[in-house]
Amino acid sequence: MNILDKIIEKRRADIDRLGLDFGISLPKKRERPLHPFLSQKGVILEVKRASPSKGDISPDLNSYETAFSYAESGAGAISCLTEQNYFKGSLSDLMNVCRAVDDFEAKSGKKGPSVLRKDFLLTAGEVEVAFRAGADAVLLIARILEKETLLEMARAVVKFGMSALVEVRAEEDLQKISYVFSQSDLANLTGADGNFVFGVNSRDLATFKIDLLRPAMMTKKIRQAVGGNARIVFESGVLNASCASAVGSMGFSGLLLGEAAAKNPDLRKTFVDSFMAAKETKNSRFWLEYAQGLTEKRSSAILTTSTPKVKICGLTRIEDALLAQKAGASFLGFIFGNAYPRSLTKENRLEKLLPHLGELSAKKVAVIVDTTSQEAKKAIQLVKDGVFDLIQFHKIPYENVTAELLELPHYFATNSLEEYEKLVSMGEVRVLLDLHGDENFSKIKGDARESGFVYEAKWLAGGITPENVSELIQKYSPELVDVSSGVEDKNKIGIKNEEKMRKLIEQMQV
């Protein structure tokens, strides 16, 4: 039984024992006006004391004072955890949050944020309880509800004039919401002025691992299922202003912030401002397109959606690049660094390659090991000019890369687990983790609470060959593998072996 199953099992037992109001005295009817939920782009700040993944986050949190601070910080909405066993919340907290918003409006003369009841709601009766307690919106988690129950709860939301944040994460969830919002009475309620907003949690509630690209992967599919104007919220995983800005640049209608907002009172406004001010960049556009491509069918019969992508790196000749592409490589890596034997800056390799780059449809990666050398500047300019598609900052510290460079399509590569988690926490949606040996790779596996490794390791490199790639995929389920010397013959550095490249990709089928 995973943690999500345990939460629901305990919750059902509590409801059987205490009723839907959990023993809290609630008003017999609603006592405050309804507020529209995220009618414009905004940040949802969360009243949250604890979580199953982190334990106590802010155990002494005062729900009224926190909510008032959130309203002052410019929150578009306030989410209040009312689950009591793992998040240490209650319906009393929800009523305190509503009172804080009302007091903020009375004192400031400004319109206050809407209030979301965030819990693992299971029946339409719980929607009514939330309405009476003062909530403007409720969280409906598609994963834990049968489609008929989700439909009944959605209709209750409309009946009370409320809104719902419908959480979607998997293909089965898409089927449920497609069914619900195809009903004639709900079909037109998912647009900009509708009752329903859709959220995608970057954290897998079964393993607590975070994938910052997961929400972007679901955006297009959600809109195909319920309507092209659907508002979509990025949920969880954002811990600092840099990451909030990265999420904001990807076009989400909202951002839900939990732990970071609860633990950092002085930074709440900074989080909000960073998300709200973020604009689309070449980098965010690249990763949005990449994310949507992950959920689409691959053109090759060999490369299905379950087959990891391949990057062949250290290419020095156009003929090898064409062979790698023909074999099925999605990314082609070219090194710009005089200290490396495979560098394009040696032996006029770049000059020979440039006239033929138009023949390559795979993404062309300029790999640099610093940002100030002449060869690095050349690579950066080639990316700016669109000759290469993106930059790999290879073992370059995040703080050594300027904001201007971060706006170009890029990713980082590191051989440090600590650095990996730092880079992802800053909003880097994909980082290449360059490890060697099963002992090192095994550190990334398992439940986040047990392994201590919070983020999904999607891109892997290090000692990968046609002989070991199948086992690596079975154990670690990477999204991409990066191979260089593993498809070369001994003593032929930079010269790729066609047969080894083909064998590598054949062995990757799982």
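Which residues of H4 are buried?

View 1. Helix H4 covers residues 124-133. Of its 10 residues, 7 are buried, so the helix is largely enclosed by the rest of the structure. The buried residues are Ala124, Glu126, Val127, Val129, Ala130, Phe131 and Ala133. They pack against H1, helix H3 (91-108), strand E5 (114-118), E6 and helix H5 (147-159). Gly134 follows H4 and has a positive phi, near 115 degrees. In general, an α-helix has 3.6 residues a turn, so residues three or four places apart point the same way.

View 2. Glu31 sits in the loop between helix H1 (3-18) and strand E1 (42-47). Is Glu31 buried or exposed? Its relative accessibility is 70%, so Glu31 counts as exposed. Phe131, by contrast, is among the buried residues of H4. Glu31 and Phe131 are 100 residues apart in sequence. Their C-alpha atoms are 9.5 Å apart in space.

**View 3. A salt bridge between Lys54 and Glu259.** The structure as a whole has 33 salt bridges. One of them joins the side chains of Lys54 and Glu259, at 2.8 Å from N to O. The pair links distant parts of the chain, 205 residues apart. Lys54 lies in the loop between strand E2 (50-51) and strand E3 (55-56), and Glu259 lies in helix H9. Lys54 counts as partly exposed because its relative accessibility is 38%. Glu259 is buried, because its relative accessible area is 15%.

**View 4. The salt bridge of Arg117 and Asp119, and its network.** The side chains of Arg117 and Asp119 meet in a salt bridge of 3.6 Å, N to O. Both residues are buried. Salt bridges that share partners join Arg11, Arg117, Asp119 and Glu126 into one network. Glu126 is also one of the buried residues of H4.

**View 5. Arg285 with Glu280.** Arg285 forms a salt bridge with Glu280. Their closest N and O atoms are 2.8 Å apart. How accessible is Arg285? Its relative accessibility is 35%, so Arg285 counts as partly exposed.

**View 6. The largest cavity.** Rolling a probe the size of a water molecule over the atoms shows where empty space is left. The whole structure holds 6 cavities of 30 Å³ or more. The largest cavity has a volume of about 290 Å³. Its lining has 28 residues, and Glu46, Lys48, Lys118, Arg203 and Ser236 are the closest to its centre. Strand E6 (137-141), strand E10 (254-257) and helix H9 (259-263) each supply at least two lining residues. By class, the lining of the largest cavity has 14 nonpolar, 6 polar and 8 charged residues.

**View 7. The second largest cavity.** This cavity holds about 60 Å³ of space. Which residues line the second largest cavity? They are Ile210, Asp211, Leu212, Tyr420, Val424, Val429, Arg430, Val431, Tyr455, Glu456 and Lys458. The lining divides into 7 nonpolar, no polar and 4 charged residues.

**View 8. The largest pocket.** The largest pocket holds about 870 Å³ of space. It is lined by 33 residues. Arg214, Met217, Lys458, Ser477 and Glu479 lie nearest its centre. Lys458 also belongs to the lining of the second largest cavity. Helix H6 (171-180), helix H7 (214-226), helix H11 (282-294) and helix H19 (469-476) give two or more residues each to the pocket lining. Which element gives the most to the lining of the largest pocket? H7 does, with 3 residues. The pocket lining has 9 nonpolar, 8 polar and 16 charged residues.

**View 9. Confidence along the chain.** The protein averages a pLDDT of 93, and 98% of the residues score at least 70. Residues 298-304 stay under 50. For this stretch the model has 12 contacts beyond four places in sequence. Where pLDDT is low, the predicted coordinates should not be read in detail.

Note on methods. Residues numbered from 1 in each chain as written. Predicted model: local features only at pLDDT ≥ 70, side-chain atom pairs only at ≥ 80, totals over all residues. Heavy atoms only, no water. 1 Å grid on protein atoms, 1.4 Å probe; cavity = no way out; pocket = protein on both sides within 12 Å on 5 of 7 lines; lining within 4 Å. Points joined across faces, edges and corners; volume = space filled by probe spheres on them. Helix = DSSP H or I, 4+ residues; strand = E, 2+ residues; numbered from the N terminus. Nonpolar A, V, L, I, M, F, W, Y, C, P; charged D, E, K, R; others polar. Buried < 20%, exposed > 50% of the residue type's maximum accessible area, 1.4 Å probe, protein only. Salt bridge = Lys/Arg side-chain N within 4 Å of Asp/Glu carboxyl O. Contact = heavy atoms within 4.5 Å. pLDDT = per-residue confidence, 0-100.
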